[in-house]
Amino acid sequence: MNRLLPLLLLPLLGLAPKQPQPASQTARRLTLRINGEVVKADTLSSRFFLNSDRALRLNVVRADDPDGEGLTIIIDRFPIQAGSYSFQEILSGRNRDASYRFGKVAAYSKSCGQNTGSVMITGVDATRHWLRGTYRCQVCEAGRGARRFTLEGEFEYPVEQE
């Protein structure tokens with residue numbers, strides 16, 4: 001019992017382990033799965049851009065190809081608020097699509113028979129210029145024997161002005 005007494009005094013001395021601190025204001029969280037397989041995303045090369053016409057462009061770059069294009073998703077007329085932004089709205093005149101390039105693979109959401117995909121924004125921090133949410137899309141190679149890729153992930157990421 002005498003050996004345990006110093007351990008009981010640690011909280012009183014302020015030396016006990018503290019609760020985990022919240023993530024840094026500059027932390028970037030970004031995941032990528034291709035057909036269910038986890039692929040490491042490059043958080044330094046990946047970028048989210050919002051231009052003056054309110055078009056949001058998400059560019060998720062693979063860690064094993066930091067100079068490549070990776071996945072690009074475009075949401076035209078983004079209202080800068082939480083909500084679901086579906087690719088089906090391309091038919092209504094809005095430009096919402098995705099493309100994926102890795103090595104010799106080039107695939108586009110518009111090449112798929114059904115242009116399924118969406119970006120779900122679950123959090124907007126306008127003062128820090130951050131977005132939080134998820135994305136999911138299908139992109140297809142063009143031509144015979146074309147492959148279909150399902151790309152999905154989560155993000156909490158800064159948005160830059162373009």
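Is cysteine 137 buried or exposed? Cysteine 137 is buried, at 1% relative accessibility. Buried here means under 20% relative accessible area, exposed means over 50%, and partly exposed is in between, with a 1.4 Å probe and protein chains only.

Some ground rules. This is a predicted model: local features need pLDDT of at least 70, side-chain atom pairs count only at pLDDT 80 or more, and totals for chains, interfaces and linings use all residues. Residues are numbered from 1 along each chain as its sequence is written, and side-chain values use heavy atoms, with hydrogens and water left out.

Back to the cysteines. The sulfur of cysteine 137 has its closest cysteine sulfur in cysteine 112, at 8.8 Å, which is too far for a bond. A disulfide needs two cysteine sulfur atoms within 2.5 Å. The whole structure holds 1 disulfide. Cysteine 112 and cysteine 140 make it, with sulfurs 2.0 Å apart. The link is right-handed, with 105 degrees about the S-S bond. Cysteine 112 sits in the loop between strands E9 (105–108) and E10 (117–125), and cysteine 140 in strand E11 (residues 130–140), so the bond ties together parts 28 residues apart in sequence. Strands are DSSP runs of at least two residues, labelled E and numbered from the N terminus. Cysteine 112 is buried at 6%. Cysteine 140 is buried too, also at 6%.

Now strand E9. Its side chains alternate. E9 runs antiparallel to strand E8 (residues 96–102), joined by 4 bridges. Pairing takes at least two DSSP bridges between two strands. Arginine 101 stands opposite alanine 106. The two strands form a hairpin with 2 residues between them, and glycine 103 in the turn has a positive phi of about 60 degrees.

Next, charges. Side chains of opposite charge can pair when their charged atoms come close. We call it a salt bridge when a side-chain nitrogen of Lys or Arg is within 4 Å of a carboxyl oxygen of Asp or Glu. The search finds 12 of them. One joins arginine 47 and glutamate 160, at 3.0 Å, N to O. Arginine 47 is in strand E4 (residues 47–50) and glutamate 160 in strand E13, so this pair ties together parts 113 residues apart in sequence. Arginine 47 is partly exposed at 26%. Glutamate 160 is partly exposed at 27%.

Another joins aspartate 97 and lysine 110, at 3.5 Å, N to O. Aspartate 97 lies in E8 and lysine 110 in the loop between E9 and E10, so the parts tied are 13 residues apart in sequence. Aspartate 97 is buried at 14%, whereas lysine 110 is exposed at 51%. There is also a network of salt bridges linking Arg33, Arg136, Glu152 and Glu154.

Last, the largest pocket. A pocket is an open set of points on a 1 Å grid over the protein atoms alone, with protein on both sides within 12 Å along at least five of seven lines; lining residues have an atom within 4 Å of a point. The largest has about 180 Å³ of space, a volume filled by probe spheres set on the points, which are joined across faces, edges and corners. Its lining includes Phe78, Trp130 and Glu160. E10, E11 and E13 (160–161) each supply at least two lining residues.

Notes. 1 Å grid on protein atoms, 1.4 Å probe; cavity = no way out; pocket = protein on both sides within 12 Å on 5 of 7 lines; lining within 4 Å.
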